[in-house]
Amino acid sequence: MIKYLGSKRVLVPVLGQIAACAYDEGARTALDLFSGTTRVAQEFKRRGFMTTACDIASYSEVLAQCYIATDADEVDSAELETILQELSALPGKRGYFTKTFCEDSRYFQEKNGKRIDAIRDTIEADYKTHPYYPILLTSLMLAADRVDSTTGLQMAYLKEYAQRSYNDLELRVPELISGTGQALRGDALELASQIGHFDLAYLDPPYNQHRYFTNYHIWETLIRWDAPEHYGKACKRLDARDNDTKSPFNYKKQMATSLEKVIREVDASTLVVSYNNESWVSAEQIEDWLRNKGYAAVQTFDFDFKRYVGAQIGIYNKEGKKVGKVDHLNNIEHIIVAGTQELVDAVCSRINRDKDER
Ligand SMILES: C[S@@+](CC[C@H](N)C(=O)[O-])C[C@H]1O[C@@H](n2cnc3c(N)ncnc32)[C@H](O)[C@@H]1O
């Protein structure tokens, strides 16, 4: 999966455990409203939920169309591999991508930039209406990510080329998942009240000024394939300056009211919210919003992944009551679970059991 700021890679097993508890209590539909890489939505889908993934980013929508909306059982893998082999064999050609991201800036080596240009042009010309279109785009995005020369953000490229950028671009078949789901692109503030009821919903919004539109402008351009005018050394899209590419979640004055609105409007029996230490809102504030919404039980779980992956800090007693304090905040991930008392108790015992087994 692509390198992504705030990706919940390490939290996925925990979110999977929470989903399993909800599933045991009859939950069957799930929503990941800020789905980014779609890692979490993928976990829900793998666990048998009819999953909906939403995000405002074009590249995230394509990832969701590939991993969430596409049913692996409907894909002819031999045909897909043949297409990827044909695309891989295309001779490179200098186009917008090479000029912008290999010459005007140095995000990729020229040999790879030219192949990306050739492959992306062909996907657009020959596969635009093909059901594998999002799969091909995903394969290309992941391949490009493996040979980029950044620290994982596209606000800047490295002074010296990263070692991996010397490798040849390699298209691989994405790991598709059986079952169906839904991919939506849009503003969570508008979608939350329109997309209906979910048994389980997960919210992982941006919590501070770091804009995904600018941090991942190359993926936006690779997916939109609209050759935008660009500015600055980082060659960011000119439309990054437009208001409609800015998210209220990246503005200190709007973040809290925006999250409160989404929490209020999303219709979910169980609501799970990720919370970040660098956030402009506190965990207590989020807990209050969840209680005001009427959830019978609301509990925050803290995880320290640096010390031992997946372990919950030992601060809860058997009844799920907080009995200790977190003494250091680095590398700590927080998840707030709101739902029925039975569900929150089940989550608590499952997480504690996992901790004991580790
Ligand atoms: C913290 S990331 C989510 C990461 C994701 N959980 C993962 O594991 O990859 C926040 C996401 O919110 C999206 N986003 C920002 N503003 C949004 C908005 N107004 N509506 C919907 N999505 C938005 C960003 O594009 C970004 O993908």
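The following exercises, each with a worked solution, concern a predicted model.

**Exercise 1. Helix H6**

Compare the reach of helix H6 with its expected span, and determine which of its residues are buried and what covers them.

Solution. 
- Step 1. Helix H6 comprises residues 110–127, a run of 18 residues.
- Step 2. From the first C-alpha to the last, H6 reaches 25 Å, which is close to the 26 Å expected at 1.5 Å a residue.
- Step 3. The buried residues of H6 are Asn 112, Gly 113, Arg 115, Ile 116, Asp 117, Ala 118, Ile 119, Arg 120, Thr 122, Ile 123 and Tyr 127.
- Step 4. The cover over these buried residues includes helices H4 (77–88), H5 (96–103), H7 (133–146) and H10 (217–224).

**Exercise 2. The packing of H3 and H7**

Classify the packing of helix H3 against H7 from the angle between them, and identify the residues that meet.

Solution. 
- Step 1. The axes of H3 (residues 58–69) and H7 lie 8 Å apart, at an angle of about 120°.
- Step 2. Because the roughly perpendicular class covers 65 to 115 degrees and the roughly antiparallel class begins over 145, this angle makes H3 oblique to H7.
- Step 3. The crossing of H3 past H7 is left-handed.
- Step 4. On the H3 side, the residues in contact are Tyr 59, Val 62, Leu 63, Gln 65, Cys 66 and Tyr 67. They meet Pro 134, Ile 135, Leu 137, Thr 138, Met 141 and Leu 142 of H7.

**Exercise 3. The setting of Thr 29**

Is Thr 29 buried, partly exposed or exposed, and which residues does Thr 29 contact beyond its neighbours within four places in sequence?

Solution. 
- Step 1. Thr 29 belongs to strand E1 (residues 29–32).
- Step 2. Its relative accessibility is 24%; because buried requires under 20% and exposed over 50%, Thr 29 counts as partly exposed.
- Step 3. With neighbours within four places set aside, Thr 29 is in contact with Phe 49, Met 50, His 197, Phe 198, Asp 199 and Leu 200.
- Step 4. Ser 60 lies 31 residues from Thr 29 along the chain, and their C-alpha atoms are separated by 20 Å.

Terms used:
Residues are numbered from 1 along each chain as its sequence is written. This is a predicted model: local features need pLDDT of at least 70, side-chain atom pairs count only at pLDDT 80 or more; totals for chains, interfaces and linings use all residues. Side-chain values use heavy atoms; hydrogens and water are left out. Helices (H or I, at least four residues) and strands (E, at least two) are DSSP runs, numbered from the N terminus. The expected span of a helix is 1.5 Å times one less than its number of residues. Buried means under 20% relative accessible area, exposed over 50%, partly exposed in between (1.4 Å probe, protein chains only). Contact means heavy atoms within 4.5 Å. Axes are lines fitted to C-alpha atoms, for helices over the stretch in contact, and angles run from 0 to 180 degrees between N-to-C directions. Angles under 35 degrees count as roughly parallel, over 145 as roughly antiparallel, 65 to 115 as roughly perpendicular and the rest as oblique. A crossing is left-handed if the near helix is turned anticlockwise from the far one by less than a right angle, and right-handed if clockwise.
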